[in-house]
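This report describes a single protein chain for a reader who is new to structural analysis. Please keep the sequence and the structure in view while reading.

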Amino acid sequence: MESRFDSVGRNPHQLYYLNLQRITENMERGMMEEQHQRKLRVCVATCNRADYSKLAPIMFGIKAHPESFELEVVVLGSHLIDDYGNTFRMIEQDDFDVGSKLHTIVRGEDEAAMVESVGLALVKLPDVLQRLCPDILVIHGDRFDALALATAAALMNIRILHLEGGEVSGTIDDSIRHAISKLAHYHACCTRSAEQHLISMCEDHSRILMAGCPSYDKLLSPRKNNHMDTIHSWLGDSVQENQYIVALQHPVTTDIQNSIKIYSLMLDALTSFNKKTLILFPNIDAGSKEMVRVMRKKGIEQHPNFRAVKHVPFDQFIQLVAHAGCMIGNSSCGVREAGAFGTPVINLGSRQTGRETGENVLHVRDADTHNKIYHALELQFGKRYPCSKIYGDGNAVPRILKFLRNIKLDEPLQKSFCFPPVKGAFSQDIDHILETQSALAVDLGGTNLRIAIVCMRGRIVRKYCKPNPKTYESRIQLILSMCNDAIRDAVRLNCRILGVGVSTGGRVNPQEGVILHSTKLIQEWSSVDLRTPLSNELHLPVWLDNDGNCAALAEKKFGHGQGVENFVTIITGTGIGGGVVQHHELVHGSTFCAGELGHIMVSLDGPECMCGSHGCIEAYASGMALQREAKRLHDEDLLKVEGLEVKKVEAVGAAHLISAGRLGNSRAQAVLKTASTALGVGVVNILHMVNPSLVILSGVLASYYQSPVQDIISQRALASSQDIKVVTSDLEEPALLGAASMVLDYSTRRIS
């Protein structure tokens, strides 16, 4: 192993943060006038090895700017316990002066011990905080030790900066994290979703910094290529990169017995999988003692395939994760830091439920059998995924330092909460109690803008329709005006509006509430953040998705898709669209393009499609395609047939073509046969790709296409797919019902 220090005694952390200092020099020049002010006294409190990996980059950044900051370090919690590696030593090795070491852990590793540990910390912290007298206390995350820190500081009128608030995970950590956020005065969060969660918790937007994760500053910086030395030092000289597993499983404090069972099954699966495995001891939460007992009962510490350790220095641990064949367990490192390297991860159980993850994470939430975990190892081991930067871009520390500098100590200490205004409050009476839970559904079509009040059972209580304006500004104003009208009517109709669901054409990012690219039929409707103006004006949560996906959601909640695990909905209207439901969940894809079923190509040299390509299903089978062919036949005087009359003032469309075909017009029949074949072949391709158990045709052409598509499946699909049924939708308003279902499902669900 090479030395941790360079020729002048500087370790890699110091070298990295010297570079950070150079990066922020320009920022310093713009703040010369602030240098005459007194330094900001910042106290950073670290409780365990995990939070130190996030706090250390900030500590180095503060230390690199002695002209602006005074750094005080408080160490407590499991840092000071031998069984957990005495990890306070790595803080000292990083050359930080530890001002206070507080032994705050009451041993026992059960629920009562956690409570007693919080109480012991609250007894000891006041003296330390009174002596240090910091201007601001920096706290990370969601641990019970951090809750004690936040409680003590808030009661002692010390400003608190909370890192990584607003995130959602599993166990008691969620409640603790949100409680700390309510005590904190300032927030540095990692993701846009976390920022929105904090805002929805009524935190002041001006005191929230979307910084990214500080550990990513180190992860994304250039590293020396000495990872093989690290791998060999921990796992032996014969082990190669991508040929070993890193395992780290912690207790789930709200379901201890099940988490112990999952831990036992994981160890059995890893033993059977027969790969070299570095396994770290669990953290100090309630249940960890029982998990260690399980590990020792199975002889893991003596097993030749396992290396069981209490602690690995963060720099080395990250190298081990980056080059592992797989990481398994329920550590937040798996769903956060591992994504920066594309390392495949298996997340077991409920501890990280709700976390934003990259495509590298395979969730096994019901890890109730050895075979299920073993199969997950077979699927994930040795893969590589695209690197993900969900949690940071490598520039969190400069942002946080700038944020700290801009804190005005002369501002009132009392924090304020930004509650949304309450509109039309009314007293509690029998009508209020009997209100119908409802959604406000919005459908943005190429021609019309439609809004409906939809009750929980899918009944449309009231519907509104106006022409869709051609410009962005006019469209937004009309949407807001119609929504406000509908909300006022909802009170009179005894409907409680839970939220707003929006269905629109084009490609949509439902996570951010942004319309990325619209169809050509809706102008000025690309790169549009629709969620923000609607939410700000109506003070309601807002969901949106494209019309094809909404049609699938409508079938899932109200139509043929109820209770069906895997199905596909295809809209046959002006265009061809749809949605794919797999394992009861709508599939969006990595760039939100899943479900663009109309652009499956069935011919290399077919007619031109609206998307610019050739031979798409939509170019053959959509209402626009049939209208084009009907007009061509009509212009050539070839649409005539006994029993069909086309008035001179009447626009020729798909309905005339279908009528002509049914009355025996051979040319109309040929066009319709080609269209049906194209759609049928496209459906066969879908069956062979995602293997649904049901295909639902929706839209004005569904009834015509149902029988021909079923015939094409029986003729051309693989034998295993020939019995899959094609049905037509019974829903009259799938776009509106699908938009409503997003609200009715998400706003009333009780689990993630």
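## Helices α11 and α12

At what angle do the axes of helix α11 (residues 256-273) and helix α12 (residues 288-297) cross? The axes cross at roughly 25° and come within 10 Å. Helices here are DSSP runs of H or I with at least four residues, strands are runs of E with at least two, and both are numbered from the N terminus. Axes are lines fitted to C-alpha atoms, for helices over the stretch in contact, and angles run from 0 to 180 degrees between N-to-C directions. The angle makes α11 roughly parallel to α12; angles under 35 degrees count as roughly parallel, over 145 as roughly antiparallel, 65 to 115 as roughly perpendicular and the rest as oblique.

The crossing of these two helices is right-handed. A crossing is right-handed if the near helix is turned clockwise from the far one by less than a right angle, and left-handed if anticlockwise. On the α11 side, the contact (heavy atoms within 4.5 Å) involves Ile260, Tyr263, Ser264 and Leu267, and on the α12 side Glu290, Met291, Val294 and Met295. These residues comprise 6 nonpolar, 1 polar and 1 charged. In this scheme Ala, Val, Leu, Ile, Met, Phe, Trp, Tyr, Cys and Pro count as nonpolar, Asp, Glu, Lys and Arg as charged, and the others, Gly among them, as polar.

## Basis of the model

The model is predicted: local features need pLDDT of at least 70, side-chain atom pairs count only at pLDDT 80 or more, and totals for chains, interfaces and linings use all residues. Residues are numbered from 1 along each chain as its sequence is written, and side-chain values use heavy atoms, with hydrogens and water left out.

## The chain as a whole

The chain contains 26 helices and 26 strands. Its radius of gyration is 30 Å, close to the 27 Å that the globule rule gives for 752 residues, so the chain is as compact as a globular protein of that length. The radius is taken over C-alpha atoms, and the rule is 2.2 Å times the number of residues to the power 0.38.

The C-alpha trace spans about 95 × 60 × 55 Å along its principal axes. Of the 752 residues, 56% are buried; buried means under 20% relative accessible area, exposed over 50%, and partly exposed in between, with a 1.4 Å probe and protein chains only. Among contacts between residues at least 6 apart in sequence, 68% join residues at least 24 apart.

## Helices α20 and α26

The axes of α20 (residues 547-558) and α26 (residues 734-746) come within 7 Å and cross at roughly 65°. That angle makes α20 roughly perpendicular to α26. The crossing is left-handed.

Residues of α20 in the contact include Cys550, Leu553 and Phe558, while those of α26 include Pro734, Leu737 and Met742. By class, the contact has 11 nonpolar, 2 polar and 3 charged residues.

## Individual residues

Cys202, in the loop between α8 (192-200) and β7 (208-210), has a positive phi of about 75° although it is not a glycine. Cys202 is buried, at 12% relative accessible area. His584 has a positive phi of about 70°, again without being a glycine, and lies in the loop between β23 (576-582) and β24 (585-586). With 36% relative accessibility, His584 is partly exposed.

Ser181 belongs to helix α7 (residues 173-183) and is buried, at 0% relative accessibility. Beyond its neighbours within four places in sequence, Ser181 has contacts that include His162, His187, Glu203 and Lys415.
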